[in-house]
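I opened this notebook to keep track of what I looked up, one step at a time. What follows are my entries in the order I made them.

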Amino acid sequence: MKTQFWQLVRFGLVGLVNTGTFYLLYLALHPVLPYFAAFTAAFLLSMVGSFFLHTRFTYRTRPSWRKFLLFPLPNLTNYLVQSGGVLLLVHGVRMDERIAPLLAAVVAIPVTFVLSRLVLTGRASVRPSAPARSAEPDGLGPAPVGVEVVQQ
């Protein structure tokens, strides 16, 4: 449970950095692109940095091409939740186009946490009953294998 808590804290910190990066890119692109095109471009650009921060810092695992190619899956879900939220907030609630992406991002956090952990570590949650027996700092190494000794 402690491991999961600290992963969630690190996930939040990376999320803050990524959201700041995304938002600065969005504000820079918004004057030259329609708001939704600026949103999409900023999202894609910030996703690359997010991948490296999450693999190294959040989940303490090595980046690989396989993980990099799978990483867009949780981000696609995140994108759908956020873009739906942005459209609803801008057109339905008439929220300012500069503020809507921030509120929409908050809604997508729990879904993204579970899915990115699954892609980057191979499991959706840390088993609370299993003690960490790995040499890796967060117990995210290979799962222990039980061995039974049979006497003849």
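**Entry on the chain.** I noted at the start that this is a predicted model. I looked up the secondary structure and found five helices and zero strands, so that, by the way helices and strands are assigned and numbered, the chain reads α-α-α-α-α along the sequence. I then checked burial and found that buried residues make up 34% of the 152 residues in the chain. Among contacts between residues at least 6 apart in sequence, I read that 63% join residues at least 24 apart.

**Entry on helix α4.** I wanted to know what span the 21 residues of helix α4 should have. Because each step along a helix is counted as 1.5 Å, α4 (residues 72-92) should span 30 Å, and its end C-alpha atoms are 28 Å apart, which agrees. Seen down the axis of α4, the buried residues fall within an arc of 165°, so they line one face of the helix. I listed these buried residues as Pro74, Asn75, Asn78, Tyr79, Gln82, Ser83, Gly85, Val86, Leu89 and Val90. On the face turned away from that buried side, I found the exposed residues Leu80, Leu88 and Gly92. I also looked up what covers the buried residues of α4, and this includes α2 (35-58), α3 (65-70) and α5 (100-121). Just after α4, I noted that Arg94 takes a positive phi of about 65°.

**Entry on α4 and α5.** How do the axes of α4 and α5 cross, and within what distance do they come? I found that they come within 8 Å and cross at roughly 165°. Since an angle over 145 degrees counts as roughly antiparallel, that makes α4 roughly antiparallel to α5. Looking at which residues meet, I wrote down from the α4 side, among them, Pro74, Gln82, Val86 and Leu89, and from the α5 side, among them, Ala104, Val107, Val111 and Leu115.

**Entry on Arg66.** Is Arg66 buried or exposed? I first placed Arg66 in helix α3, and then read that it counts as exposed because its relative accessibility is 59%, where the cut-off for exposed is over 50%. Finally, I looked up Arg66 together with Leu120, which are 54 residues apart along the chain, and found their C-alpha atoms separated by 9.4 Å.

Notes
Residues are numbered from 1 along each chain as its sequence is written. This is a predicted model: local features need pLDDT of at least 70, side-chain atom pairs count only at pLDDT 80 or more; totals for chains, interfaces and linings use all residues. Side-chain values use heavy atoms; hydrogens and water are left out. Helices (H or I, at least four residues) and strands (E, at least two) are DSSP runs, numbered from the N terminus. The expected span of a helix is 1.5 Å times one less than its number of residues. Buried means under 20% relative accessible area, exposed over 50%, partly exposed in between (1.4 Å probe, protein chains only). The arc is that of the directions from the helix axis to the C-beta atoms. Contact means heavy atoms within 4.5 Å. Axes are lines fitted to C-alpha atoms, for helices over the stretch in contact, and angles run from 0 to 180 degrees between N-to-C directions. Angles under 35 degrees count as roughly parallel, over 145 as roughly antiparallel, 65 to 115 as roughly perpendicular and the rest as oblique.
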